[in-house]
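This briefing is meant for a reader who is meeting the structure for the first time. Please keep the model in view while going through the points below, which are grouped by topic.

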Amino acid sequence: MTENIRVRFAPSPTGYLHVGGARTALFNWLFCRKHGGKFVLRIEDTDLARSEESMVAQILESMRWLGLDWDEGPFYQSQRFDLYTAAAEKLLADGKAYYCFCDAEKLKVMREEARKKGGFRYDRRCLNLPEHEKQRLLNEGAPKAVRFLVPEGTTTVMDTVHGEISFNHKEIGDFVIKKADGSPTYQLAVVVDDHDMQITHVVRGDDHYNNIPKQVMLYEALGYKAPQFAHVPLILAPNRAKLSKRNAAVAVSDYRKSGFMPEAMTNFLALLGWSPGDNREIMTLPELMAAFSLEGINMSNAVFDVKKLEWMNGEYVKNLPLEQLFERVKPLLVDSGLIDDDFAATHADWISEILVLLQERVKKLTDYPEAARYFFTTDFDYDERGVRKHFKSPQIIDVLTRLRQRFEAAEDLSLETIESIIRGLAQELGIIAGKVIHPARLACSGRTVGPSLFHLVEALGKERTVERLTKAISYLNDRVVER
């Protein structure tokens, strides 16, 4: 591939960057970066009423979070209306477009009538207006749109994903390229911009499939060279319905807030509709870039499986270096009120020890505050099922009291010492070690599952462990009194 690759991502700032848009941006970025090309960012904000600057900021921030940098832009279509007007004027002058004076109400009636007959296609009534009538309307300043005059024939293109595809022009009505308010339609703006920005490859979702013939006709009418198209499959919900907020089509920023890592998100999105050709699932951004090709994109729609994303994110959490893990989780612990910045600064090593202890069990970074809560406070309840199972023995108060005494008497609570104390106590009482381990875990954390009790006690240290055993003994004594 010898040409200078230039691709673009062109989101509309009428909403947040959703997962489908992020996947499109990622495919463009991977293809471009692999071939040393340029990645252009364009904001398609011609819908001035619905476009919001805050959405632009969110889109840019989400792309930065995903690691998708751009070489040029962002360019704003709202600042390029003169280019679109010039293109429309050229088409009018060349007889390839014409003024349409039909107002919205008239078009509505026409659509309703056409619907009864099977579908709407503009009947070219304004094209066929007598010249004097056209001139009168122009002189009176009547509102007018500009329609493209669809020529006879077919449009055939070679799509990298779909192969050769053809569209019969008989099925395409003359479409508006410039609205009566002077703003361009999507079809005109995108063609003018892609030509002006020298875009060589347009990689986008299959929801743009039907735009192909209209845009190719405009390229040809304006004397432009059309780019290479690659229309990628849509992303569906697990039930194979269209994505919605109810089934995962939330903004990329929502996944970020939910504790997903950008490395996992890009890895997951890349595999939605594309495959490296082997069985790899965990791939870094550089590995994705090296393996990516447009030819590897599948034609079938992809399914957004949140469970798989959670699994993949957990794999990335497991392998996150300690320094990065601390930096990413610390703000979450602070926001949850478990620690403050001063405590984090003075207890960084201890906090890091806890994070590593839980690293295998955490799927999302936002799971950490709840998973680690009992390390930082004794203000926790005991799991009710655990209480019924592990605190029911008449001997349990004696077991925990003896365990507390032995921990208090120990000079240090190393892993070896902790295991020796627990197993020694079980042997002395004539019970299996689990009869000590499970109640002790519940007493120290309020939970029935978690890291090994030996590691848990080591991380808590003598003072905190004794404090929690004391709390549990008091709790059990109160239950005895209540009975």
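Predicted model: local features only at pLDDT ≥ 70, side-chain atom pairs only at ≥ 80, totals over all residues.

A residue counts as buried when its relative accessible area is under 20%, as exposed when that area is over 50%, and as partly exposed in between.

**Salt bridges**

- Side chains of opposite charge can pair when their charged atoms come close.
- Across the whole structure, a search finds 27 salt bridges, and a few of them are described here.
- Glu-467 has a relative accessibility of 41% and therefore counts as partly exposed, whereas Arg-468, at 1%, counts as buried.
- These two residues, Arg-468 and Glu-467, form a salt bridge in which the closest N and O atoms are 3.7 Å apart.
- Other salt bridges share partners, and in this way Arg-8, Arg-42, Glu-44, Arg-80, Asp-193, Asp-194 and Asp-196 are joined into one network.

**Bridges that link helices**

- Arg-256 and Glu-61 form a salt bridge, with 3.0 Å between the closest N and O atoms.
- This pair links distant parts of the chain, since Arg-256 belongs to helix 8 (residues 252-257) and Glu-61 to helix 2 (residues 53-66), and the two are 195 residues apart.
- Both partners count as partly exposed, Arg-256 with 37% relative accessibility and Glu-61 with 36%.
- Glu-263 and Arg-328 also meet through their side chains in a salt bridge, at 2.7 Å from N to O.
- Because Glu-263 lies in helix 9 (residues 262-270) and Arg-328 in helix 12 (residues 322-335), this pair ties together parts that are 65 residues apart in sequence.
- Glu-263 is partly exposed, with a relative accessible area of 27%, and Arg-328 counts as partly exposed at 25% relative accessibility.

**The parallel sheet and its helices**

- Strands of a sheet pair through backbone hydrogen bonds, either parallel or antiparallel.
- Three strands make up an open sheet with parallel pairing, and their order is 1-2-3.
- Strand 1 (6-9) and strand 3 (72-76) are the edge strands of this sheet, each of them pairing on one side only.
- On average, neighbouring strands of the sheet are turned by 25° against each other when direction is ignored.
- Strand 1 runs parallel to strand 2 (residues 38-43), and four bridges join the two; Arg-6 has Lys-38, in strand 2, as its bridge partner.
- Helix 1 (residues 19-34) packs on the sheet, where it touches strand 1 and strand 2, and its direction makes about 165° with that of strand 1.
- Helix 2 lies across strand 1, strand 2 and strand 3, and it runs at about 160° to strand 2.

**The hairpin of strand 6 and strand 7**

- Strand 6 is joined to strand 7 by a hairpin that passes through three residues.
- Strand 6 and strand 7 (residues 163-168) run antiparallel and are joined by six bridges, and in this arrangement Met-158 stands opposite Glu-164 in strand 7.

Terms used: Residues numbered from 1 in each chain as written. Heavy atoms only, no water. Salt bridge = Lys/Arg side-chain N within 4 Å of Asp/Glu carboxyl O. Buried < 20%, exposed > 50% of the residue type's maximum accessible area, 1.4 Å probe, protein only. Pairing = 2+ DSSP bridges. Axes fitted to C-alpha atoms, helices over the stretch in contact; angles between N-to-C directions. Contact = heavy atoms within 4.5 Å.
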